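These are my notebook entries on a single chain. I set down what I looked up, entry by entry.

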Amino acid sequence: MKIVFDESKRQANLAKHGFDFADFERCFHREGAMTVPTRPSLVGRPRLNLIGRWNDQIVVLAVVSPLGSEALSLVSLRHASPKERNAYARHLED
């Protein structure tokens with residue numbers, strides 16, 4: 001599945017959270033990620049939280065918006081909260 005993103009959002013996310021959207025496919029381990037539906041965007045598009053590993057070191061949260069079955073639009077990439085990390089740890093135990 002293709003990952004797409006807005007360049008201005010990429011720059012803002014990098015400055016705010018230190019994660020680069022351009023590294024997502026190389027660094028984020030989607031195969032073990034936990035998918036959690038979240039609130040839709042302001043224009044009503046569905047969104048998902050992906051909680052998983054970044055380079056096998058850091059648990060991160062990616063907010064994505066599906067673009068049909070072809071691509072995901074990356075909206076945000078940040079450290080997961082303690083609550084999200086705990087949910088991910090339980091996910092790995094299952």
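**Entry on Asn49.** I located Asn49 in strand 3; the model is a predicted one. Is Asn49 buried or exposed? Its relative accessible area is 12%, and because buried means under 20%, Asn49 counts as buried. I then listed its contacts, not counting residues up to four places away in sequence: Asn49 touches Met34, Thr35, Val36 and Thr38, and also Leu61, Ala62 and Val63.

**Entry on the neighbours of strand 3.** I looked up the pairing of strand 3 (residues 47–54) with strand 2 (residues 34–38), and found five bridges in the antiparallel sense. In this pair, Pro37 stands opposite Leu48. Strand 3 also runs antiparallel to strand 4 (residues 58–67), to which seven bridges join it. Leu50 stands opposite Ala62 of strand 4, and Arg53 has Val59 as its bridge partner there. Three residues lie between the strands in the hairpin of strand 3 and strand 4, where Asn55 takes a positive phi near 55°.

**Entry on strand 4 and strand 5.** I counted eight bridges between strand 4 and strand 5, again in the antiparallel sense. Val60 stands opposite His79 of strand 5, while Pro66 has Leu72 as its bridge partner. The hairpin of these two strands has three residues between them, and Gly68 in that hairpin takes a positive phi near 65°. I also checked burial: seven of the ten residues of strand 4 are buried, so the rest of the structure largely encloses this strand.

In what order do the five strands of the open sheet lie? I read the order as 1-5-4-3-2, with mixed pairing. Strand 1 (2–4) and strand 2 are the edge strands, each pairing on one side only. From one strand to the next the twist averages 40°.

**Entry on helix 3.** Helix 3 (residues 82–93) packs on the sheet and touches strand 2, strand 3, strand 4 and strand 5. Its direction makes about 75° with that of strand 3. I tested its length: at 1.5 Å a residue, the twelve residues of helix 3 should span 16 Å, and the end C-alpha atoms are 17 Å apart, which agrees. Which residues of helix 3 are buried? I found Glu84, Ala87 and Tyr88. These cover an arc of only 100° around the axis, so they lie on the same side of helix 3. An α-helix has 3.6 residues a turn, so residues three or four places apart point the same way. On the other side of helix 3, Pro82, Lys83, Arg90 and Glu93 are exposed. The buried residues of the helix pack against strand 2, strand 3, strand 4 and strand 5.

**Entry on the nonpolar cores.** The largest nonpolar core has 15 residues, of which Phe24, Phe28, Trp54, Ala62, Leu74 and Leu77 touch the most other members. Helix 2 (24–27), strand 3, strand 4 and strand 5 (71–79) are the elements that give two or more residues to this core. A second, separate core has nine residues, including Val59, Val75, Ala80 and Tyr88.

**Entry on Trp54.** Lastly I looked up the contacts of Trp54, not counting residues up to four places away in sequence. Trp54 touches Phe19, Asp20, Asp23, Phe24, Cys27 and Phe28, together with Val60 and Leu77.

Notes:
Residues numbered from 1 in each chain as written. Predicted model: local features only at pLDDT ≥ 70, side-chain atom pairs only at ≥ 80, totals over all residues. Heavy atoms only, no water. Pairing = 2+ DSSP bridges. Helix = DSSP H or I, 4+ residues; strand = E, 2+ residues; numbered from the N terminus. Core = buried A, V, L, I, M, F, W, Y, C linked by side-chain atoms within 4.5 Å. Buried < 20%, exposed > 50% of the residue type's maximum accessible area, 1.4 Å probe, protein only. Contact = heavy atoms within 4.5 Å. Axes fitted to C-alpha atoms, helices over the stretch in contact; angles between N-to-C directions. Expected span 1.5 Å × (residues − 1). Arc of directions from axis to C-beta.
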